[in-house]
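The points may be read alongside the coordinates.

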Amino acid sequence: YNWLSNKPLNVWYGVEIDASGRVTELALFDNGLEGQIPSLDSLTKLWRLNLSYNKLSGEIPSLNALTKLKYVRLNHNQLTGQIPAMGDLTQLISLTLQSNKLNGTLPNLSTLTQLGTVFLQDNELTGSLANMGSPRLMELLILSNNKLSGQIPDLRGMVGLASLRLDGNQLSGQIPSLSAL
């Protein structure tokens with residue numbers, strides 16, 4: 001409602017703004033949206049992005065300019081290409097990209113010290129888990145049903161890890177007991 005109108009942003013469906021009129025949230029999930037995600041670089045106050053359960057395609061644009069982002073939900077779309085680098089998103093708490101057609105290697109997440117949940121299952125991701133790093137506060141790490149390979153790295157650096165799913169990959173080695181983490 002009210003999109004592409006001259007009405008103020010605070011009455012646009014799925015848009016939240018702050019006191020200065022800057023967009024802080026985009027919640028346009030399950031709306032039948034199609035096409036590519038445009039550059040969001042001008043939304044520098046955005047802290048929540050939820051475009052899940054749509055029909056979005058193409059690559060995920062760079063999100064590094066959105067340094068306030070805490071929650072990214074782009075799951076259950078038709079997104080392709082690699083997961084963009086996210087090293088500047090130091091406030092990111094949750095990354096949900098499952099059930100797309102993403103490929104390439106896992107991004108390095110080691111600088112994302114607030115990251116607690118990562119859902120990347122049901123994609124076509126390749127490479128080693130070692131590329132990802134060990135975000136210390138990680139609680140949920142779900143990477144099942146990809147094309148990941150190589151040794152399962154030592155995960156003891158993830159002191160908060162409570163749930164780990166790696167099934168449906170070509171990984172080798174032992175998974176440490178979560179009680180040992």
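**Notes on the strand architecture**

1. Strand E2 (residues 23-27) pairs with strand E4 (residues 48-50) in the parallel sense, and three bridges connect them. The model under review is a predicted one. Within this pairing, Glu-25 has Arg-48 of E4 as its bridge partner, and Leu-26 stands opposite Leu-49 in E4.

2. Arg-48 and Glu-25 form a salt bridge, in which the closest N and O atoms are 3.4 Å apart. Because Arg-48 belongs to strand E4 and Glu-25 to strand E2, the pair ties together parts that are 23 residues apart in sequence. Arg-48 is partly exposed, its relative accessible area being 29%.

3. How are E1 and E2 joined, and in what sense do they run? Three bridges link the two strands, and they run antiparallel. Val-15 stands opposite Leu-26 in E2. As for burial, E2 is mostly covered, with four of its five residues buried.

4. Eight strands make an open sheet of mixed pairing, ordered E1-E2-E4-E6-E8-E10-E12-E14. Its edge strands are E1 and strand E14 (163-165), each of which pairs on one side only. From one strand to the next, the twist averages 10°. In general, the strands of a sheet pair through backbone hydrogen bonds, in a parallel or an antiparallel manner.

5. Further parallel pairing involves E7, E9 and E11. E7 and strand E9 (residues 101-105) pair in the parallel sense over two bridges, and Thr-80 stands opposite Lys-101 in E9. E9 in turn pairs in the parallel sense with strand E11 (residues 124-127) over three bridges. In that pairing, Thr-105 stands opposite Thr-126 in E11.

6. What is the overall secondary-structure content of the protein? It contains zero helices and 15 strands. The radius of gyration is 17 Å, close to the 16 Å that the globule rule gives for 181 residues, so the protein is as compact as a globular protein of that length. The C-alpha trace spans about 60 × 30 × 20 Å along the principal axes. Of the 181 residues, 41% count as buried.

7. Most residues other than glycine have a negative phi. Leu-4, which is not a glycine, has a positive phi of about 60°. Leu-4 lies in the segment before E1 and counts as exposed, at 85% relative accessibility. His-76, also not a glycine, has a positive phi of about 55°. This histidine, His-76, lies in the loop between strand E6 (71-73) and strand E7 (78-81), and is partly exposed, with a relative accessible area of 28%.

8. Which residues make the nonpolar surface patch of about 570 Å²? The patch is made by Tyr-1, Trp-3, Leu-4 and Tyr-13. Trp-3 is placed in the segment before strand E1 (15-17). With a relative accessible area of 38%, Trp-3 is partly exposed, whereas Leu-4, at 85%, counts as exposed.

9. The structure holds two salt bridges. Besides the pair discussed in point 2, the side chains of Asp-167 and Arg-165 meet in a salt bridge at 2.9 Å, N to O. Asp-167 is partly exposed, with a relative accessible area of 36%, and Arg-165 likewise counts as partly exposed, at 39% relative accessibility.

10. Gly-160 and Met-138 are 22 residues apart in sequence, while their C-alpha atoms are 5.6 Å apart in space. Gly-160 counts as partly exposed, at 32% relative accessibility.

Methods
Residues are numbered from 1 along each chain as its sequence is written. This is a predicted model: local features need pLDDT of at least 70, side-chain atom pairs count only at pLDDT 80 or more; totals for chains, interfaces and linings use all residues. Side-chain values use heavy atoms; hydrogens and water are left out. Patches are made of residues with over 30% relative accessible area and no salt bridge: like charges are joined within 9 Å, nonpolar side chains (Val, Leu, Ile, Met, Phe, Trp, Tyr) within 5 Å. Accessible areas come from the Shrake-Rupley method with a 1.4 Å probe; for residues, only the protein chains shown count as cover. A salt bridge is a side-chain nitrogen of Lys or Arg within 4 Å of a carboxyl oxygen of Asp or Glu. Buried means under 20% relative accessible area, exposed over 50%, partly exposed in between (1.4 Å probe, protein chains only). Two strands pair if DSSP finds at least two bridges between them. Axes are lines fitted to C-alpha atoms, for helices over the stretch in contact, and angles run from 0 to 180 degrees between N-to-C directions. The radius of gyration is taken over C-alpha atoms; the globule rule is 2.2 Å times the number of residues to the power 0.38.
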